[in-house]
2 protein chains.
Amino acid sequence: MADEARPSGGEQAKQHALTQLRHAILRGEMAPAQRLVENELAEQFGVTRASVRAALIDLAAEGLVERIPNRGSRVRLVTVEEAVAITECRMVLEGLCAAKAAVQATDDQLTELADLGTAMSKAVADGEPMTYSGLNQELHAKIQQFSGQQVAVELLDRLNAQLVRHRFQLALRPGRPQQSVNEHLAMIEAIRARDPHAADAAARAHLTSVIDALRE
Amino acid sequence: MADEARPSGGEQAKQHALTQLRHAILRGEMAPAQRLVENELAEQFGVTRASVRAALIDLAAEGLVERIPNRGSRVRLVTVEEAVAITECRMVLEGLCAAKAAVQATDDQLTELADLGTAMSKAVADGEPMTYSGLNQELHAKIQQFSGQQVAVELLDRLNAQLVRHRFQLALRPGRPQQSVNEHLAMIEAIRARDPHAADAAARAHLTSVIDALRE
DNA sequence: GGTGACGAAATCGTTGACAATTTTGTTCGC
DNA sequence: GCGAACAAAATTGTCAACGATTTCGTCACC
């Protein structure tokens with residue numbers, strides 16, 4: 001994946017700082033609730049404070065950092081209750097995407113989903129939770145892409161970004177992939193059957209299971 | 001302190017510019033796709049360009065303006081197809097809020113909804129579409145508030161802000177309030193019955209009707 | 001007469017410095 | 001010894017100016 005050198009378009013200082021900071025937060029290199037001093041970040045990324053400032057405003061709008069007037073920025077800490085609330089929103093939005101994908105996907109795209117399903121089953125059978133987690137995200141991304149619902153996709157991206165920490169914690173839970181894979185296969189089957197109602201129900205059931213797992 | 005219109009107490013320059021600009025866009029004082037030159041806005045609002053710039057970044061994140069690198073900012077134009085996609089997201093999110101409100105609202109809050117329902121019926125019977133539109137928004141806001149789902153409420157606020165133009169266009173459509181009021185009463189009844197599934201269905205039915213009306 | 005390159009105007013992105021605010025460390029009074 | 005007022009340091013918010021990029025008008029050239 002593209003770390004920093006984004007060949008697409010101009011390498012503006014603000015964009016540079018933004019992607020750097022976002023990656024740093026998403027990779028967990030910033031401690032939760034850590035103070036983000038504009039001057040430090042500016043020197044760290046080799047850009048000016050104004051660029052860091054603009055990037056922080058963007059990240060605050062994405063919900064990744066919290067900005068208090070005259071008191072600075074901190075990485076936003078997502079509590080378990082907030083993670084549950086976010087996943088509830090994901091539930092209905094991914095249900096919408098699954099239902100739309102069941103109607104609008106092409107036959108080729110349906111076979112893509114089927115292939116992904118077999119790959120996920122294999123990853124679970126081989127006991128490789130990390131590759132399964134990757135396929136998991138790929139599946140959700142593909143369903144969203146096939147739905148053609150760009151607005152929902154943007155909202156889901158924003159929501160998912162806030163869950164990285166909890167997602168990691170969940171993926172490594174023993175026994176979790178075994179339960180998860182069946183729910184995913186049900187989603188794939190419903191979409192392949194071009195049954196929007198069943199796809200919505202399957203997606204909701206999966207995210208409901210995720211909520212239960214989050215609550216522990 | 002006696003500068004100009006200071007909506008609320010100790011407002012910083014950026015917040016001042018932001019609220020001013022947002023209000024101007026939401027009230028339709030800016031033509032669709034109008035160019036927003038930072039210098040002009042800075043002089044218009046009596047703040048510096050940096051503050052206007054920060055405000056524009058915020059509004060871009062809210063989806064109200066569109067920022068193209070090195071090419072300026074414009075008020076974002078929401079096409080009908082986009083409005084439909086946004087309303088589809090509203091559909092599932094308001095369904096979630098309605099279902100949650102049916103469970104978590106207090107009895108006092110349920111009577112508030114009932115009162116609002118009678119007021120809406122009266123407004124339609126009296127043929128006052130503007131007061132009905134106000135009550136309409138109040139109802140949706142109250143249901144969201146009673147749901148306790150803060151994440152969904154924030155997403156809905158963001159989505160609704162992009163629909164102001166279409167909302168106006170829709171409210172003045174003849175015959176529309178008469179159809180709308182029944183759907184709203186059904187939502188209120190389902191929530192008062194503390195039936196989350198029925199509340200979700202009623203909310204979805206209402207927004208589906210809105211989508212049909214949008215498509216004309 | 002049409003097309004391409006060149007240059008000027010406009011606008012955005014960036015820079016460094018200054019002012020306002022908050023936080024922290026210190027000292028004085030009780 | 002403990003709490004409150006005070007001063008110093010750190011940090012954010014704001015400002016005016018500079019440089020980079022895009023856009024549009026003009027002119028030479030084919």
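**Meeting the structure: questions and answers**

User: How many residues does the contact take from chain A and from chain B?
Analyst: This is a predicted model, where local features need pLDDT of at least 70, side-chain atom pairs count only at pLDDT 80 or more, and totals for chains, interfaces and linings use all residues. Residues are numbered from 1 along each chain as its sequence is written, while chains are lettered from A and ligands numbered from 1 in the order in which they are written. Two residues are in contact if their C-beta atoms, placed from the backbone, lie within 7 Å. On that rule, the contact takes 20 residues from chain A and, from chain B, 19 residues.

User: Which element gives the most to the side of chain A that touches chain B?
Analyst: Helices (H or I, at least four residues) and strands (E, at least two) are DSSP runs, numbered from the N terminus. The elements giving two or more residues to this side of chain A are α3, α4 (80–104) and α7 (150–161) of chain A. With 8 residues, the one that gives the most is α4(A).

User: How do the residues of the side of chain A that touches chain B divide by class?
Analyst: Ala, Val, Leu, Ile, Met, Phe, Trp, Tyr, Cys and Pro count as nonpolar, Asp, Glu, Lys and Arg as charged, and the others, Gly among them, as polar. Sorted that way, this side of chain A has 13 nonpolar, 5 polar and 2 charged residues.

User: Which are the edge strands of the sheet in chain A?
Analyst: Strands pair if DSSP finds at least two bridges between them. Chain A has an open sheet of 3 strands, paired antiparallel in the order β1-β3-β2. The strands that pair on one side only are β1 (35–36) and β2 of chain A.

User: What stands opposite A:Val65 in β3(A)?
Analyst: β2(A), residues 65–68, pairs with β3(A) in the antiparallel sense over 4 bridges. One bridge links A:Arg67 to A:Ser73. Opposite A:Val65 you'll find A:Val75.

User: Which residue takes a positive phi in the hairpin of β2(A) and β3(A)?
Analyst: That hairpin has 3 residues between the strands. The residue with a phi near 60° is A:Asn70.

User: How do α5(A) and α6(A) run relative to each other, roughly parallel or roughly antiparallel?
Analyst: Axes are lines fitted to C-alpha atoms, for helices over the stretch in contact, and angles run from 0 to 180 degrees between N-to-C directions. α5 (residues 107–125) and α6 (residues 129–147) of chain A pack at about 165°, with their axes 9 Å apart. Under 35 degrees counts as roughly parallel, over 145 as roughly antiparallel, 65 to 115 as roughly perpendicular and the rest as oblique. That makes α5(A) and α6(A) roughly antiparallel.

User: Is the crossing of α5(A) and α6(A) left-handed or right-handed?
Analyst: A crossing is left-handed if the near helix is turned anticlockwise from the far one by less than a right angle, and right-handed if clockwise. The crossing of α5(A) and α6(A) is left-handed.

User: What is the make-up of the contact of α5(A) with α6(A) by class?
Analyst: Among the residues making the contact are A:Leu113, A:Leu116 and A:Met120 of α5(A), along with A:Tyr132, A:Leu135 and A:Phe146 of α6(A). By class, the contact has 10 nonpolar, 2 polar and 3 charged residues.

User: At what angle does α3 of chain B run to β2(B)?
Analyst: Chain B has an open sheet of 3 strands, in the order β1-β3-β2 with antiparallel pairing. Helix α3(B), residues 49–62, lies across β1, β2 and β3 of chain B. Its angle to β2(B) is about 115°.

User: Are α1(B) and α3(B) roughly parallel or oblique to each other?
Analyst: The axes of α1(B), residues 13–26, and α3(B) come within 8 Å and cross at roughly 50°. These two helices are therefore oblique.

User: Which residues come nearest to DNA strand C?
Analyst: A residue is near a strand if its C-beta atom, placed from the backbone, lies within 6 Å of it. There are 16 residues around DNA strand C, and the nearest are A:Ala13, A:Thr48, A:Ala50, B:Glu38 and B:Gly72.

User: Which elements give two or more residues to the surface near DNA strand D?
Analyst: Of the 16 residues around DNA strand D, the nearest are A:Gly72, B:Gln12, B:Ala13, B:Lys14 and B:Thr48. The elements giving two or more residues are α2 (38–45) and β3 (72–75) of chain A together with α1 and α3 of chain B.
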